Amino acid sequence: MNSLKRITLVHPANELYGSDKMFLLIVETVRKSYSDAIINVVLPCEGPLSELLQKFNVNLIIRPLGILRKAELKKLDFSVFTRLFTNRKFYHDLLKETDLLYINTAVVLDFIIYSRFYKLKKFIHIHEIPTGASKTLFLH
């Protein structure tokens with residue numbers, strides 16, 4: 001019997017480029033593998049990807065995410081860090097009810113940080129190679 005009953009999948013965009021199509025395949029595979037699981041998909045906004053996800057019987061959560069983008073850092077826009085604190089209840093409520101967390105890229109900073117405080121299985125799909133200070137987020 002499969003022990004994964006509640007799965008949360010997080011993706012930093014809602015378009016239909018390469019990584020978005022890859023995420024769509026991951027959602028499809030997870031749904032087929034865990035047909036009885038409650039699957040939450042978290043996206044930062046509405047868009048073409050969210051429309052395609054509806055066919056997989058997932059709970060779609062549209063919410064601004066703490067996505068670390070180089071452009072914001074260059075402009076000294078630190079709003080990503082503000083969201084870490086203002087959305088604490090959202091992260092707590094979702095993650096305490098999650099058995100497996102899949103984060104589709106290392107730029108989803110908020111879920112990476114908060115997931116460290118919960119006893120859950122997590123999978124962070126690294127598409128980019130972390131270097132410098134960002135490497136410390138992935139060390140245990």
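Predicted model: local features only at pLDDT ≥ 70, side-chain atom pairs only at ≥ 80, totals over all residues.
Residues are numbered from 1 along each chain as its sequence is written. Local features need pLDDT of at least 70, side-chain atom pairs count only at pLDDT 80 or more, totals for chains, interfaces and linings use all residues, and side-chain values use heavy atoms, without hydrogens or water.

Helices (H or I, at least four residues) and strands (E, at least two) are DSSP runs, numbered from the N terminus. Strand β2 (residues 38–43) runs parallel to strand β3 (residues 59–62). Four bridges join the two; strands pair if DSSP finds at least two. V41 stands opposite L60 in β3. Together with helix α2 (residues 48–53), β2 and β3 make a right-handed β-α-β unit. Right-handed means that, with the strands pointing away from the viewer, the path from the first strand over the helix to the second runs clockwise.

Six aromatic pairs were found. Rings of Phe, Tyr and Trp (its six-membered ring) pair if their centres lie within 6.5 Å; planes under 30 degrees apart count as stacked, over 60 as edge-to-face and the rest as tilted. The ring centres of F90 and F111 are 6.2 Å apart and their planes lie at 90°, so this pair is edge-to-face. The pair links distant parts of the chain: F90 in helix α5 (residues 88–95) and F111 in helix α6 (residues 109–115), 21 residues apart. One aromatic cluster is formed by F90, Y91, F111 and Y114.

F90 counts as buried because its relative accessibility is 15%. F111, at 0%, is also buried. Buried means under 20% relative accessible area, exposed over 50%, partly exposed in between (1.4 Å probe, protein chains only).
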